[in-house]
Amino acid sequence: MPTRRQIGQNLAKILGIKLEDPEVDNVTRGESVFSTQTTDSFIEEQPTSAEWLTDIIPSGRDIAQYFKSLFPFLSWIGFYNLQWFLGDLVAGITIGAVVVPQGMAYAKLANLPVQFGLYSSFMGVVIYWFFATSKDITIGPVAVVSTVTGTVVTNTIAKHPEYADTPWVISSALAIISGAIVLFIGLIRCGWIVELIPLVSLAAFMTGSAINIAAGQVPTMMGITGFSTRDSTYLVMINTLKNLGKTDLNATMGLTALTMLYLIRFSCGLAAKKLPNHQKLFFFLSTLRAVFVILLYTMISWLVNMNHREDPKFAILGEVPRGFQHAAVPTINSAIISSFIGELPATVIVLLIEHIAISKSFGRVNNYTINPSQEMVAIGVTNVLAPFLGGYPSTGSFSRTAIKSKAGVRTPFAGVITAIVVLLAIYALTAVFFYIPSASLAAVIIHAVGDLITAPNTLYKFWRVSPLEVLIFFVGVFVTIFTTIEDGIYATICISFAIFIFRVLKSHGRFLGRVKVHSVLGDHVIGNDNHVVGEYGTFNASDTTLSPPTRNVFLPIDHGDGSNPEVEVASPYPGIFIYRFSESFNYPSASHTLDYLTGHIFANTRRTQLNTYARTGDRPWNDPGPKKGQQESDDLPTLKAIILDFSSVNNVDVTSVQQLIDVRNQMDRYTSPDVVDWHFACINNRWTKRALVSAGFGYPAERPDGMHSRWKSIFSVAEIGGSESAAAAAEQEANEKEKEMSLRPTPSKPDPVDQQFHDLVEPSTASSTSNSAAKNKAPDAAGNAEARKVVVHGLNRPLFHVDLTGALQSAIANVQARDDTELHSRQATV
């Protein structure tokens, strides 16, 4: 029965495929100074598709780890203790006091009754802790998601008026659909997708959204009516200014509440600086300012309106149902889904970017790592289950997360404490909610979103890093103000992606030159005195060869890296060029970067044969040659070798490799009858090596003069590690001698040889002491032992080098060898 290999070979013959056998790779070109039959040789094997499949197919252990990772609380719940509980108790109660007024306020943004904000707040905190990888995040209603939900509800009601009395049906359907999408992304562990959204897009989105939300709440705070606050931000601002004369008593309740919120915040911050010993107290006072203001103005409202419940003097919330009055199976149908399908991408993006950005930020601050995919699972499960109790789309809150972190939260279990507080509010405080002034709630919203606006100092830092991205920021903000939040999100992401693609398409590398440098410590040159660099970068080594007085470094010849322009960057060698890719070498950038490579080489070299064309008419139209009466200059060197630095290249593709082949053929025609040597340094990936080998790189090309059979290879070698190292061999030898001494009978008189060994390694009754002594002596013995060396890269890849120095040495050695051979041939002919 034929084997798989035979079947594959027969199939290749039928299809006309010329197979390359990676297992048969004879070294027959004189590549190595080592014999390929010695034990110290190393033949590099190519990666196979089977290896690739093995890497990506999960094992049973991986599958078990995956299911365990879905419930992160299992890793810490067993260690829960009283001290953690006390920290969670304080943080949970604090967040519960904050989320109740915020949740009701944000429900108004979503065009929903205020109780739905409490439902979402409860479900967010009670579910999240099961799936959380962040102890600080608090999931619940947030300003931006509520605004997007309000837009969806308004637009859907316009298309389907039958839902005007039950807008929560729309918000629940939106939560389930968007939550299911986020949950799916998290389950397949594609959390890396959020990395496609840059920080500047997030900052523009948050700033534009904050301005949009604040502008929409000003009319409510001032008691102005008569126009839609869901229009574009600039229209809301214009209409607000037009109707300022219509303000009423609501403005008193709103403006004074907003003033008090900022006054408490400023006073607590100032007091904390002057009284650092009471900083924690002022933090909690500042944190609970929204609660205090709402309670104060609720009491004022009760005093004013207790006899005017049917006709209050200013707008109040009114009746708030007690308990989960809207718990039911959500209604989802094609009509509802089709009505908000256009806003669905924006909803998903908003759910993701705000939560992941916040969790990563606080994870770095508090020294833990979050799992973006698992956080998506948490968001998805929350939004899928919350609508069954009346919840609408929720995600991580920046303000509440910051408060929770500063309050000393210890674990995600603090969410359960918060859930209890919210539950008490739903069942015990609904009568109090009746008198909450709507203008004061609007003031709370405006105050909360003010922190989302990017500070000028942050923009200045953006400018210092990348001026172009500041322009993207302002574009995103202006688009949000003059259109919608969704358009602002799309604009910044698309512009950022377009700029990224443009940079990749137009990227090119740099040509490097050689510079000899000295390392200077203080006022002396390292290597020229006793202060030399040791094995690990210290200055106590006794071997001065560890730190040579000078070393070669390679810098851009145009000093494009900002190096001192007064430093002369020497050419590596006449006719040899070193080219470093600045970014990836894939299909988008391959053409531009190789065009830059060939253009520079043609400008700085000449053809190997100046009289290639006997007549002027034989020359191609794009290379007409010198003007009449002039001769081609022979001052420039001929092209000998090209060294490519792949340190910034991780993968290549078919397009980039094919274009590299085309350039190689172009260069060979340019240097005919000679051929160009292609050296590669710092290749980071085995698959990249396989691709280059398949294209004919990695070993000397066949030459018409047969010089490829006399190739001189320079390999980087290193000592064999592990049990084969010189140090290990020396230690083993010392242990064997010690064992031999312990088995030898004790003589009546000390033997001179034994005494001499006793002086070297002092025996002891404790084996650990003997081993320690042997280990301490091993390094000295290793110094005298002959270290076994092996090549770092395979002998079958002589043109793949570990660094640029090795590549340049190899290139120069072979260029000089060919020059010497040609010189001897000419002398012999003469």
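1. Ground rules. Residues are numbered from 1 along each chain as its sequence is written, and side-chain values use heavy atoms, with hydrogens and water left out. As the model is predicted, local features need pLDDT of at least 70 and side-chain atom pairs count only at pLDDT 80 or more, while totals for chains, interfaces and linings use all residues.

2. The overall picture. You'll find 29 helices and 12 strands in the chain; these are DSSP runs numbered from the N terminus, with helices being H or I of at least four residues and strands being E of at least two. The chain has 830 residues, and 45% of them are buried. Buried here means under 20% relative accessible area, exposed means over 50%, and partly exposed is in between (1.4 Å probe, protein chains only).

3. Contacts and surface. Take the contacts between residues at least 6 apart in sequence: 82% of them join residues at least 24 apart. A contact is heavy atoms within 4.5 Å. The chain exposes about 43200 Å², with carbon and sulfur atoms supplying 59% of that area; accessible areas come from the Shrake-Rupley method with a 1.4 Å probe, and for residues only the protein chains shown count as cover.

4. The nonpolar cores. The largest core has 101 residues, and V100, M104, F205, F433 and V449 touch the most other members. A second, separate core of 29 residues includes L597, I661, L692 and F800. In soluble globular proteins, nonpolar side chains tend to be buried together.

5. Leaving aside neighbours within four places in sequence, M104 is in contact with V114, L118, L317, F433 and I436. N250 sits in helix 10 (residues 249-274) and is buried, at 8% relative accessible area. Not counting residues up to four places away in sequence, N250 touches T220, M221, M222, G223, F314, A315 and A439.

6. Salt bridges. How many salt bridges does the structure hold? There are seven, each being a side-chain nitrogen of Lys or Arg within 4 Å of a carboxyl oxygen of Asp or Glu. One of them pairs K135 with D136, with the closest N and O atoms 3.0 Å apart. K135 counts as buried at 19% relative accessibility, and D136 is buried at 0%.

7. Salt bridges across the sequence. E195 and K360 meet at 2.0 Å, N to O. This pair links distant parts of the chain, 165 residues apart: E195 is in the loop between helix 7 (168-187) and helix 8 (199-222), and K360 is in helix 14 (residues 344-365). K360 is partly exposed, at 22%. Then there's D558 with R510, whose closest N and O atoms are 3.2 Å apart. D558 lies in the loop between strand 6 (551-556) and strand 7 (576-580) and R510 in strand 3 (residues 510-517), so this pair ties together parts 48 residues apart in sequence. D558 is partly exposed at 46%, and R510 is partly exposed at 32%.

8. A nonpolar patch outside. L11, I14, L15, I17 and L19 form a nonpolar patch on the surface, with about 550 Å² of accessible area together. Patches are made of residues with over 30% relative accessible area and no salt bridge, with like charges joined within 9 Å and nonpolar side chains (Val, Leu, Ile, Met, Phe, Trp, Tyr) within 5 Å. L15 belongs to helix 1 (residues 4-15) and is exposed, at 58%.

Definitions and conventions:
Core = buried A, V, L, I, M, F, W, Y, C linked by side-chain atoms within 4.5 Å.
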